[in-house]
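Let's take a walk through a protein structure together, one feature at a time. Keep the model open beside you and look up each residue as it comes along.

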Amino acid sequence: MPSTSESVLSLAPVVPVVVLDDVAHAVPLARALVAGGLPVIELTLRTPVALEALAAIASEVPEITVGAGTVLTPRHVDQAVSAGAEFLVSPGATPDLLRAMGASGVPFLPGTATVSEVMAVLEAGVTEMKFFPAEASGGAAYLKSIASPVPTARFCPTGGITAATAPSYLALPNVGCVGGSWLTPADALADKDWDRVRRLAAEAAAL
Ligand code: 3PG
């Protein structure tokens, strides 16, 4: 388990962001990511099976670091950590959520999209954060522009990023990793095409 939120940014160049509808897909999917060289997964709390899937991965695939995404409330924080989440990711940040994440005992990436939001997260003592929705909020050019005015902030940009655009983010000094769902396309999951996921993970691991 990463001991700081900074280490979440250092686990892999790409954090696979996954929306899972079928709990039976959780373990084979996690194993395919590991086989491709990406030992990290962010499971979004957007489906009824998300917490069960998280628990299954945490207990059956110990070689992967499993986190919870779309953490919106202090209740989500408690549920995710109880299910075995080793890190937490949120699309935004409120004072209550920051407090709950800070008390959770696991590393976390609050979401930001503006300089004022970045400053509010820094003010709370957190230097590692998600930049979301990355492409719609100005993309790599935006992050490059704020590197100098807010130099202590480091980001995992997520939202609309692809294998083609990821390198422009990863080249920036204030970016530790990117997040994206392109490695786990819905049709690959529906077809249980774990070999395709493994190949996409291997390509991403090499970025
Ligand atoms: C999300 O929360 O959905 C992530 O940011 C992933 O975004 P993407 O599906 O555009 O990669």
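Predicted model: local features only at pLDDT ≥ 70, side-chain atom pairs only at ≥ 80, totals over all residues.

Now for space of another kind. A cavity is a set of points where the probe fits but cannot get out. Searching the whole structure for cavities of 30 Å³ or more turns up one. The volume of this largest cavity is about 30 Å³. Its lining is made of Val8, Val15, Glu42, Phe87, Val89, Leu109, Lys130, Cys156 and Thr158. By class, six of these lining residues are nonpolar, one is polar and two are charged.

Let's turn to the strands. Strands of a sheet pair through backbone hydrogen bonds, either parallel or antiparallel. Strand 2 and strand 3 (residues 65-69) run parallel and are joined by five bridges. To find one spot along them, look for isoleucine 41, which stands opposite valine 66 in strand 3. How many of the five residues of strand 3 are buried? Five of the five are, so the strand is mostly covered, given that buried means under 20% relative accessible area. In a regular strand the side chains alternate between the two faces of the sheet. In strand 3, Thr65, Gly67 and Gly69 point one way, while Val66 and Ala68 point the other way, and all are buried.

Threonine 70 lies in the loop between strand 3 and helix 4 (74-83). Although threonine 70 is not a glycine, it has a positive phi of about 55°. Is threonine 70 buried or exposed? Its relative accessibility is 13%, so it counts as buried. Compare lysine 192, which is found in the loop between helix 9 and helix 10 (194-205). Lysine 192 also has a positive phi, near 50°, and is a residue other than glycine. With a relative accessibility of 53%, however, lysine 192 counts as exposed.

Next, find the open sheet of three strands, where the order is 6-7-8 and the pairing is parallel. Strand 6 (111-112) and strand 8 (154-157) stand at the edges; each has a single partner strand, so one side of each is left without a neighbour in the sheet. Strand 7 (residues 128-131) is joined to strand 8 by four bridges. Among the residues there, lysine 130 has cysteine 156 in strand 8 as its bridge partner.

Follow strand 7 to phenylalanine 131 and look at the rings. The whole structure has two aromatic pairs. Phenylalanine 131 and tyrosine 142 form a stacked pair, 5.4 Å centre to centre with 5° between the planes. This pair links distant parts of the chain, since phenylalanine 131 is in strand 7 and tyrosine 142, 11 residues apart from it, is in helix 7 (residues 139-146). Phenylalanine 131 counts as buried, at 1% relative accessibility, whereas tyrosine 142 is partly exposed, with a relative accessible area of 23%. Phenylalanine 131 also pairs edge-to-face with phenylalanine 155, at 6.2 Å centre to centre and 70° between the planes. Phenylalanine 155 sits in strand 8, 24 residues apart from its partner, and both are buried. Through these ring pairs, Phe131, Tyr142 and Phe155 are linked into a cluster.

One last stop. The charged end of lysine 130 sits over the ring of phenylalanine 132, 4.6 Å from the ring's centre. From phenylalanine 132 to proline 133, the peptide bond is cis, with omega near -10°. Proline 133 has its place in the loop between strand 7 and helix 7.

How values were computed:
Residues numbered from 1 in each chain as written. Heavy atoms only, no water. Pairing = 2+ DSSP bridges. Helix = DSSP H or I, 4+ residues; strand = E, 2+ residues; numbered from the N terminus. Phe/Tyr/Trp six-rings, centres within 6.5 Å; stacked < 30°, edge-to-face > 60°. Buried < 20%, exposed > 50% of the residue type's maximum accessible area, 1.4 Å probe, protein only. Lys NZ or Arg CZ within 6 Å of the ring centre and 35° of its normal. 1 Å grid on protein atoms, 1.4 Å probe; cavity = no way out; pocket = protein on both sides within 12 Å on 5 of 7 lines; lining within 4 Å. Points joined across faces, edges and corners; volume = space filled by probe spheres on them. Nonpolar A, V, L, I, M, F, W, Y, C, P; charged D, E, K, R; others polar.
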